[in-house]
Amino acid sequence: MTQWPARLVLVGAGKMGGAMAQGWLDAGLAASSLTILEPKPSREIASLAASRGIALNPGIALPPPDMLALAVKPQSLDQVAPGVAGIASARTLVLSILAGKTVADLTARLPQARAVVRAMPNLPAAIGRGVTAAFANANVTGEQRGWCERLLRAIGAFYWLDDESAIDAVTAISGSGPAYVFALTEALAAAAERLGLEPELSMGLARGTVEGAAELMRRDSSTSPATLRRNVTSPGGTTAAALAVLQGPDGLQNLMIRAAAAARDRAAEMAG
Ligand SMILES: NC(=O)c1ccc[n+]([C@@H]2O[C@H](COP(=O)([O-])OP(=O)(O)OC[C@H]3O[C@@H](n4cnc5c(N)ncnc54)[C@H](OP(=O)(O)O)[C@@H]3O)[C@@H](O)[C@H]2O)c1
């Protein structure tokens, strides 16, 4: 069984960093292994630290940890890097979830760091149901990969990428994807109103349908979405009438390809 890193420093405990810390502890990381650096800890983080005995902003020089996990806003990196660069040694694995910050950006700002993993989680990580994909540079050891898998599986599903440039595509699919599902729910509710239903009922039907279908897909993970779709589509029936529109030439698939390509291009542009 892969071990946890013996000493882990988390820099930034906002929405994502806070969710990761909670997920790690729930999955069995020893509280004594974790140090959190966060200038304005939320009430949840302060009480988590107090109740579990986690070092929160210890205010002393820290010895180099096994892992330095960065979860600040990407635009804070330049300001944060000089303060944390001294914590890392050549043995420290840097795990970054900063959108748009490449391995080269990170090693330029943390010159001691040799082993760097760049990960892209998504919003449902906050409830332990995220999807994360990550790229490891050539200096990352097998043991360090094991730590990352353990830590990132604590907040949901996890995949390794062989190529750093794939992160832009991942950003376009799972990183931004929760917003597409929210937009789909809004569109379904708007269609319900167009068919004459009351707004409250429309939203209730749309939300309930998206939630229920997602849960069904989760519970029946061995059945493909295409099979689940076919199972509810009788030939010549109502669902078939809608799918003939959704799967037409201007339909959902081509629209999604264009939307995801726009997100991928924007991610590449932002990464410079
Ligand atoms: N949210 C998502 O869905 C998502 C998905 C994928 C990737 N990410 C990445 O996750 C990262 C964090 O995003 P977030 O949504 O969690 O942002 P956030 O809630 O703003 O969290 C960032 C935290 O870092 C703290 N911080 C700022 N300067 C610091 C310093 N010098 N030392 C230690 N902590 C410091 C911030 O404190 P202040 O509030 O005081 O500045 C804040 O609490 C981003 O880089 C983002 O690209 C997020």
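**Exercise 1. The surroundings of alanine 71**

Leaving aside its neighbours within four places in sequence, with which residues is alanine 71 in contact? State also where alanine 71 lies and whether it counts as buried or exposed.

*Solution.* The model under study is a predicted one.

Step 1. Apply the cut-off for burial, which is under 20% relative accessible area. Because its relative accessibility is 13%, alanine 71 counts as buried.

Step 2. List the contacts. Once neighbours within four places in sequence are set aside, alanine 71 is in contact with Leu10, Val11, Gly12, Gly17, Met20, Ile97 and Leu98.

Step 3. Arginine 43 is 28 residues from alanine 71 in sequence, and their C-alpha atoms are 18 Å apart in space.

**Exercise 2. The two sides of helix H3**

Determine which residues of H3 are buried and which are exposed, and explain how the buried ones are arranged around the axis.

*Solution.* 

Step 1. The buried residues of H3 are Leu77, Val80, Ala81, Val84 and Ala85. They lie on the same side of H3, because they cover an arc of only 120° around its axis.

Step 2. Gln79, Pro82 and Gly83 are exposed on the other side of H3.

Step 3. Identify the cover. The elements over the buried residues of H3 include strand S1 (8-11), strand S2 (34-37), strand S4 (67-70) and helix H4 (103-109).

**Exercise 3. Helix H6**

Describe the buried residues of H6, and contrast them with alanine 169.

*Solution.* 

Step 1. Ile167, Asp168, Val170, Thr171, Ala172 and Ser174 are buried in H6.

Step 2. Their cover includes strand S6 (115-120), strand S7 (130-136), strand S8 (156-161), H7 and helix H11 (252-271).

Step 3. Alanine 169 also lies in helix H6, but with a relative accessible area of 36% alanine 169 is partly exposed.

Step 4. Alanine 169 and lysine 15 are 154 residues apart along the chain, and 23 Å separate their C-alpha atoms.

**Exercise 4. The second largest pocket**

Characterise the second largest pocket by its volume and lining, and explain why it lies between the two domains.

*Solution.* 

Step 1. The volume of the second largest pocket is about 900 Å³. Its lining consists of 34 residues, and those closest to the centre are Met16, Ala71, Val72, Lys73 and Pro74.

Step 2. Sort the lining residues by type: 20 are nonpolar, eleven polar and three charged.

Step 3. Helix H1 (15-26), helix H3 (77-85), helix H6 (166-175) and helix H7 (177-194) each supply at least two residues.

Step 4. Domain 1 (8-170) and domain 2 (176-232) both contribute residues to the lining, and therefore the pocket lies between them.

**Exercise 5. The protein as a whole**

Summarise the dimensions, secondary structure, burial and contacts of the protein.

*Solution.* 

Step 1. Along its principal axes, the C-alpha trace spans about 70 × 40 × 35 Å. The centres of domain 1 and domain 2, taken over C-alpha atoms, are separated by 33 Å.

Step 2. The protein contains eleven helices and eight strands.

Step 3. Of the 272 residues in the protein, 41% are buried.

Step 4. Consider contacts between residues at least 6 apart in sequence: 63% of these join residues at least 24 apart.

Conventions:
Residues numbered from 1 in each chain as written. Predicted model: local features only at pLDDT ≥ 70, side-chain atom pairs only at ≥ 80, totals over all residues. Heavy atoms only, no water. 1 Å grid on protein atoms, 1.4 Å probe; cavity = no way out; pocket = protein on both sides within 12 Å on 5 of 7 lines; lining within 4 Å. Points joined across faces, edges and corners; volume = space filled by probe spheres on them. Helix = DSSP H or I, 4+ residues; strand = E, 2+ residues; numbered from the N terminus. Nonpolar A, V, L, I, M, F, W, Y, C, P; charged D, E, K, R; others polar. Domains from an automatic or database assignment. Buried < 20%, exposed > 50% of the residue type's maximum accessible area, 1.4 Å probe, protein only. Arc of directions from axis to C-beta. Contact = heavy atoms within 4.5 Å.
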